Each structure stands twice: as structure tokens, then as C-alpha cells.
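Subject: Handover of a structure and notes on its contents

Dear colleague,

Please find below the structure that I am passing on to you, together with its sequence. My notes follow directly after it.

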Amino acid sequence: MGWNDEKIGRLKKLWSEGLTTGEIGKRLGVSKNAVVGKAHRLGLKGRPSPIKRQDVKVAPAKKAETRIFTLTDLSAQTCRWPIGDPKHEDFRFCGKGVIAGKPYCGEHCAAAYVGSGKSAPRPANTQETAT
Ligand SMILES: [Zn+2]
């Protein structure tokens, strides 16, 4: 089985039309595997794939599993380091256990109190978003 320019041209056309590899193979008189292999070598991609669409569906459910800490969820034992932009809906607070006597978890204590001269990302806007 040889791939001449004409055959490759037809492969590209049928591929772009969204035919299955099996169907393309039938029309070109080659095996399905030959079509897959050739398409791969030609870098043919971007066909609308039903698998991809399912992936998109899965994504929001995954997001819902993430625990979102809002200000009302916070207690003296939960890190109140704000994460994200308060204007965005995915804004939340860290919510990890705090270091005794500190308002933040270890990680965010380090971030908050590192080098006073530096412009460390201090959560100055926590108060504003409380209501
Ligand atoms: Zn934290």
C-alpha cells in the first residue's frame, strides 16, 4: 500500500469531514491502522471528538468537590488567608488549621510575616469583604 499525494489529499479531506478512521480506510482501500498511522504522521488533529466533550462535562463536578471556605466558615482555628480575588466567585479562604496564637496556618504565617521590608502579599482586604 502506497501513499501518493492524491491518496493523502483524500485522507486529509475525509479526516476533516469527521469520518471514522475505519470509514476512511474503506474508501481509500487501506486498513484502519494505516489511516491512523498516516494521520498521526501528517499531524492531523482537531477533529471533533466525542471523548473530549465528555471531559468538559466532568470538569464542573470536580470543582464542586473542592471545599470552599467563606468568612462564615472561619473560626479561631482556621486559617483566614484569602485565596484568589474577592471579586471572583471562586474566592475563598485557606481554612487549614492555624498555628496557636496566629491567624494563619504555617504556610501563610510564613507568607504573611516574611521580611517586613518586602511587599509581602498581606491580606489587607479581609475586613472589607466581611459583609
Ligand atoms: Zn493558610
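I begin with helix α2, in which T21, I24 and G25 are buried. These residues span an arc of only 100° around the axis, and they therefore lie on the same side of α2. Their packing partners are α1 (5-16) and α3. Please bear in mind throughout that this is a predicted model.

Helix α2 covers residues 21-28 and helix α3 residues 32-42; their axes come within 8 Å and cross at roughly 105°. Because angles of 65 to 115 degrees count as roughly perpendicular, α2 is roughly perpendicular to α3. On the α2 side, the residues that take part are T21, G22, I24 and G25, and they meet K32, A34, V35 and V36 of α3. Sorted by class, this contact consists of 4 nonpolar, 3 polar and 1 charged residues. Just after α2 comes G29, which adopts a positive phi of about 75°.

As to the overall arrangement, the protein has 5 helices and 2 strands. Read from the N terminus, the order of the elements is α-α-α-α-β-β-α. The protein comprises 131 residues, of which 11% count as buried.

In soluble globular proteins, nonpolar side chains tend to be buried together. Here the largest nonpolar core is made up of 5 residues, namely C79, W81, F93, V98 and Y104. One of them, V98, touches Q77, T78, C79, P103, Y104 and C105, when residues up to four places away in sequence are left out.

Among these partners of V98 is T78, which sits in the loop between α4 (50-65) and β1 (82-83). Is T78 buried, exposed or partly exposed? A residue needs 20 or more neighbours to be buried and 12 or fewer to be exposed; T78 has 18 C-beta neighbours inside 10 Å and therefore counts as partly exposed. T78 also comes close in space to G95: the two are 17 residues apart in sequence, and their C-alpha atoms are 4.8 Å apart.

With kind regards

Methods
Residues are numbered from 1 along each chain as its sequence is written. This is a predicted model: local features need pLDDT of at least 70, side-chain atom pairs count only at pLDDT 80 or more; totals for chains, interfaces and linings use all residues. Axes are lines fitted to C-alpha atoms, for helices over the stretch in contact, and angles run from 0 to 180 degrees between N-to-C directions. Helices (H or I, at least four residues) and strands (E, at least two) are DSSP runs, numbered from the N terminus. Angles under 35 degrees count as roughly parallel, over 145 as roughly antiparallel, 65 to 115 as roughly perpendicular and the rest as oblique. Two residues are in contact if their C-beta atoms, placed from the backbone, lie within 7 Å. Ala, Val, Leu, Ile, Met, Phe, Trp, Tyr, Cys and Pro count as nonpolar, Asp, Glu, Lys and Arg as charged, and the others, Gly among them, as polar. The arc is that of the directions from the helix axis to the C-beta atoms. A nonpolar core is a set of buried Ala, Val, Leu, Ile, Met, Phe, Trp, Tyr and Cys residues joined through C-beta atoms within 7 Å.
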